[in-house]
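Hi,

Here is the structure I promised to pass on. Have a look at it first, and then read on for what turned up.

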Amino acid sequence: MPANAPAKNPPEERLVNLVVALMATDQGLTKDTILTSVAGYREQSASGASKDALEKMFERDKESLRGLGVPIETIGDWADPDDLREARYRVPTTEYELPEDIEFTPAELALLNLAGGVWSESSMSDDARSGLRKIRALGIPVDEPIIGYSPRISLRDPAFPALQQAIEQSRVVKFPYLKPGEESPRTRRLQPLALVEYEARWHVYGFDLDVGADRTFLLMRIVGPVAITRESFDASLREGAGDRALRGLEAVAASNWSLLEVNPGTEAALRLARRAVPAEQGIKVSYVDAHIFAEELASYGPEVRVVEPPELRDRVIGRLAAARDLNGAEA
Amino acid sequence: MSGRRSLVATDRAALMLQLVPYLIGKGEVSIAEAADEFDVSPDQMRAMVEKLTVIGLPGDGGYWQMANDLFDIDWDLLDERDIVVITNSVGLERAPKLTAREAAALLAGLQLARAIPGVGDTELFAGLLAKLSRGASSAPAEVIVAPGPVDEVRDAVAAALRQGVAVTFTYKAPDAGPTTRTVDPVKVHIADGQWYLQGWCHLREAMRTFHLDRVSDLQLTDIPITHAGDPAPGWFETADDDVVARIRFPEPVARLLGDYLDRAAVETADGMTTATMRVADEVSLRRLAARRGGEVEVLEPAAARRAAAEWAEAGLAQYR
């Protein structure tokens, strides 16, 4: 940088100055006032930066701040709401701040601290910590921390962040989905409504636009990037979607029953016990996805025998045969 | 925890918006404590606090701001004692609402925490869910975590942790005979829907981790725990992983192997990945090979490869 260049303020200062200015005004500030008086813009206006460049910077800043959840209100011309030349901008305090009547008890805060720690390395972990900071800044005393437990949720699926963003924005997504047994992935178009972790796997639930019905997809079978399209949908579809998704998965599990024979005392017997219902000969275990359940059953080798259904038995046999063949001869 | 990450301008702005209410709420706080709360280094925190003092209300009619239009801090306290006190504030006093994503992350975490026996009641959770939703700037994406069933073993472990007493139980590790253990419970880890008890094992005289599905006949004793404060090793570590194994699989299969690869050395060529790692014993990989049938090949040691083929064959024999 040449020695005589004006010292440039870091953009975060400008962003925070903008929030302070927009919160301090009731009737709103015009763009002109902002560009000539708010620190960060003012210096650049004064040193002759083009109005066009400054306006673009202001537009970008507005978007950045909205991305942080700062509610920037645009008050347009009453006569012509589309004419933004005389628009005024403000941040209504009541929309910005945590509502005054929201208070957290020490017990609630202890529980939130535990809940905020469940995300291992992921963007969700940063979000949880940031959310906790805002709540802790209310200055609430906290109970003794809840010790003795370390609950963790892992998020290994690269599709998760894009799907979450698309749900927030109520936008249609497209993604390549590879069903087991199919040669190549097929592109799905979905109005995504909820993300559900069920039996330690992430699912996205939504309205499948090609099928014309609600569908649930496993994130681990999304084999390429999730594209968020410009097409949006009615956000009210999201209401109660999590419950519908969960009920849907439970209904699938309730309709898929297997009959198994397990050798007592083995790993298979122990691991299946919590999900098992005793049957006349062996145990009955329900499952959501035959492919995934077949993987688990195959891992038990001779510890478990699938009696029915035939499709599950065949998949287990297929896996065992492939494992034997691949590892059969000397390496 | 994200640790000392590098931040873009928007992240830094978000932190400063949170910093003011935090500092005002604290009244007086050390640089070190504030840095810890915000996951930044002490130097970064000092820079943020100093930056605060050039932030404030716009000047009147294009004039430069007056001193009391800006945030100010007690500079002497900062310079001499590394303590931050805000002496003039021009806004931002109350914490901002949660973003949709912050609310979603906490809401999902609560659903998992809810599965823990004895932690909070239904009313407490319902109240928190409502408050978080109302405290968010826009509707969070629904992120649902469906906890698995909790059985008597889990309830009993929770009781033992609360009462601070040892438990006895039968433990059956895969491919080993059952043993009877007495354990001072220290922590329950819940990961990928599986519950693990970490504690001081009286039999092995060391910290050990037990998969709760492999625990049966669990009883509370009246022996007070004595080893709760011992340093716990990484909870998945076992001291006796001394077999070096090598497996090969198509590259996309890697993400299906989960934490198997966490400590493996991995090489990929022509779409095939080879992973080298330490495992507890030679037969432990046979379950993985059968689970991923035809996708995971055990290369070394030879005995492990043989075990994998025999395991699959023994499974198949049941169907003839």
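H8(A) and H5(B) cross in a right-handed way. Bear in mind for this and everything below that the model is predicted. The two helices are residues 160–169 of chain A and residues 100–113 of chain B; their axes come within 11 Å of each other, at a crossing angle of roughly 115°. If you want to see who touches whom, look at Gln164(A), Gln165(A) and Glu168(A) on the H8(A) side, which meet Ala100(B), Arg101(B) and Ala104(B) of H5(B).

Next, the second largest pocket, with a volume of about 920 Å³. Which residues sit closest to its centre? They are Gly67(A), Leu68(A) and Asp127(A) from one chain, plus Thr99(B) and Glu102(B) from the other, out of 35 lining residues. Sorted by class, the lining has 13 charged residues, 11 polar and 11 nonpolar.

On to the aromatic rings. Searching the whole structure gives 12 aromatic pairs over all chains. One of them is Phe175(A) with Phe217(A), an edge-to-face pair with 5.4 Å from centre to centre and 80° between the planes. Phe175(A) belongs to strand E5 (residues 171–177) and Phe217(A) to strand E8 (residues 213–218), both of chain A, so this pair ties together parts that are 42 residues apart in sequence.

Finally, a few backbone details to look up while you have the model open:

- Glu308(A) and Pro309(A) are joined by a cis peptide bond, with omega about 0°. Pro309(A) is in the loop that runs between strand E13 (304–308) and helix H12 (310–326) of chain A.
- Chain B has a cis peptide bond between Glu300(B) and Pro301(B), where omega is about -10°. Here too the proline is in a loop between a strand and a helix: Pro301(B) lies between strand E14 (297–300) and helix H9 (302–317) of chain B.
- Asp39(B) is not a glycine, yet its phi is positive, at about 60°. You will find Asp39(B) in the loop between helix H2 (31–37) and helix H3 (42–52) of chain B.

Cheers

Methods. Residues are numbered from 1 along each chain as its sequence is written. Chains are lettered from A and ligands numbered from 1 in the order in which they are written. This is a predicted model: local features need pLDDT of at least 70, side-chain atom pairs count only at pLDDT 80 or more; totals for chains, interfaces and linings use all residues. Side-chain values use heavy atoms; hydrogens and water are left out. Axes are lines fitted to C-alpha atoms, for helices over the stretch in contact, and angles run from 0 to 180 degrees between N-to-C directions. Helices (H or I, at least four residues) and strands (E, at least two) are DSSP runs, numbered from the N terminus. A crossing is left-handed if the near helix is turned anticlockwise from the far one by less than a right angle, and right-handed if clockwise. Contact means heavy atoms within 4.5 Å. On a 1 Å grid over the protein atoms alone, a cavity is a set of points where a 1.4 Å probe fits but cannot get out, and a pocket is an open set with protein on both sides within 12 Å along at least five of seven lines; lining residues have an atom within 4 Å of a point. Grid points are joined across faces, edges and corners, and a volume is the space filled by probe spheres set on the points. Ala, Val, Leu, Ile, Met, Phe, Trp, Tyr, Cys and Pro count as nonpolar, Asp, Glu, Lys and Arg as charged, and the others, Gly among them, as polar. Rings of Phe, Tyr and Trp (its six-membered ring) pair if their centres lie within 6.5 Å; planes under 30 degrees apart count as stacked, over 60 as edge-to-face and the rest as tilted.
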